[in-house]
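Please walk me through this structure, beginning with a single residue and moving on to a helix, its aromatic rings and the pockets.

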Amino acid sequence: MRGIHVRLAAAGTLVGLGLVVAWMGQRADAASQARPTVAWTLSAATNTVTIRLAPGSSPTGRNVLARSRIVVSEDGKIQLSRAAPGRGVVRVPVPPGTQTQLTVQVKGPMPVTQTLAVTVPPRLRVTMLRHTAAGLLVRASSPLRHQPRRPLCGTDQLSVPAPDEVLVAKSPDPCRARLRLTARDGETATVRVTVPALPETPLYSFASPAGRAVYITVDDGWTPSSQVLAIMRKTHLPVTAFLIQQAAQRNLAYWRAFAQAGGTVGDHTVSHPNLTQLSLSQATFQWAHARLALGRWVGKAPLMGRPPYGAFDRTVAAAAYRAGLKALVGWSASVGSAGVKTWNGKPLDPGDIVLLHWDPGLGRQLTKLLAVIHARHLHPMLLTPASFAGTAPQWHSLGGD
């Protein structure tokens, strides 16, 4: 019996020890679950490490976190930053292009020590700023993230000609701004850019009055007039036709005859849009494509253009310059069914530029205009870019078509 009691006592002791060990293990697990955890993120844009404390997973984790604080040091030498108890976030600046050892100490009921190895990419640098025919070319020390194709200021568009380059295109508006670059690794740099405005082709609504000159211009080209061509041939009347490319291509033989009769061909765009409602590149296409096509058809590319509807702004003028036009031509008088109408309601004067259109009534309108011109002792003259020498540009729309 005594042996049985001894064995039972020993068994009871072992069970008790097992319960103690299990209780201690559970307590250790609970303590581990209550211990705060350290998490960190690197912002390459600001070269800053953000260190956060998160509560443990046990119900007491938040209580422990509220009584804990962070102390961060670099390479174990210099205390960088600390957070008050319960403030579980510390932000630490780190130098780019190196690896920094940060020691994070969590002080409180359940202390933690953790070492972070933070590697920061090299600082992004601007290695070149160069003005080109297309605009300002900016080159960086690292490949860049895709830059949005949006205006930087005014209408200065950004493009990416190479992975490490940004081009700020010239536009009608001068650009002075800060350009923010972001490398693919997250590093950022900001550079001041200054881009001059594109040169502009001036618009004139009056030309030289020397010799009591007036200037006859006819727009569009949908309905060529044999009567006008006959008058030109008989009297050597100088006429400038501002032609829409889409209209001119329907009657190329007529326009070649018009040019041979002494007529001058001007650019009235490809399809007669309101150029002020287009982008710089779209407006440039309208001027340039029509200019080249008309040059092929009549033997000489126009040097003068007329904006459809008289719609004019800096973009229209810059696009004309890019297309190679030397002068844009408005008008100061027009001819319609009611006769000659001038910009100020007064009689036709020397220097006036008269607007007509290639429509079925053009022959009659031209005959009436010539009668007014002769009665006023005026003289039709050939219109060229030289006709505007000494004349101030007129920088507003006159309205019309």
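The model is predicted, so local features need pLDDT of at least 70 and side-chain atom pairs count only at pLDDT 80 or more, while totals for chains, interfaces and linings use all residues. Residues are numbered from 1 along each chain as its sequence is written, and side-chain values use heavy atoms, with hydrogens and water left out.

Thr 315 is found in helix α7, with helices (H or I, at least four residues) and strands (E, at least two) taken as DSSP runs and numbered from the N terminus. When its neighbours within four places in sequence are set aside, Thr 315 is in contact with Pro 172, Leu 278, Ser 279 and Leu 280, contact being heavy atoms within 4.5 Å.

Another helix, α5, has Tyr 254, Trp 255, Ala 257 and Phe 258 as buried residues. These residues lie on the same side of α5, because they cover an arc of only 160° around the axis, the arc being that of the directions from the helix axis to the C-beta atoms. On the other side of α5, Ala 253 and Gln 260 are exposed. The cover over the buried residues of α5 includes α3 (226–235), β16 (240–243), α4 (245–248), β17 (264–267) and α6 (280–298). After α5 comes Gly 262, which has a positive phi, near 100°.

The aromatic side chains come next. Rings of Phe, Tyr and Trp (its six-membered ring) pair if their centres lie within 6.5 Å, and planes under 30 degrees apart count as stacked, over 60 as edge-to-face and the rest as tilted. By this rule there are seven aromatic pairs. In one of them, the rings of Tyr 254 and Trp 255 have centres 4.8 Å apart and planes at 85°, so the pair is edge-to-face. Tyr 254 counts as buried because its relative accessibility is 13%, and Trp 255 counts as buried at 1%. Tyr 254 also forms an edge-to-face pair with Trp 358, at 5.9 Å centre to centre and 80° between the planes. This pair links distant parts of the chain, 104 residues apart, since Tyr 254 is in helix α5 (residues 252–260) and Trp 358 is in the loop between β22 (353–357) and α8 (362–375). Ring pairs link Tyr 254, Trp 255, Phe 258 and Trp 358 into a cluster.

Finally, the pockets. On a 1 Å grid over the protein atoms alone, a pocket is an open set of points where a 1.4 Å probe fits, with protein on both sides within 12 Å along at least five of seven lines, and lining residues have an atom within 4 Å of a point. The largest pocket holds about 280 Å³ of space, and of the 15 residues that line the largest pocket, Gln 157, Lys 170, Leu 280, Ser 281 and Arg 322 lie nearest its centre. Both α6 and α7 (314–323) supply at least two residues each to the lining of the largest pocket.

The second largest pocket has a volume of about 240 Å³ and is lined by 15 residues, of which Thr 264, Val 265, Lys 300, Ala 301 and Pro 302 lie nearest its centre. Strand β17 gives the largest share of the lining of the second largest pocket, three residues.

How values were computed:
Buried means under 20% relative accessible area, exposed over 50%, partly exposed in between (1.4 Å probe, protein chains only). Grid points are joined across faces, edges and corners, and a volume is the space filled by probe spheres set on the points.
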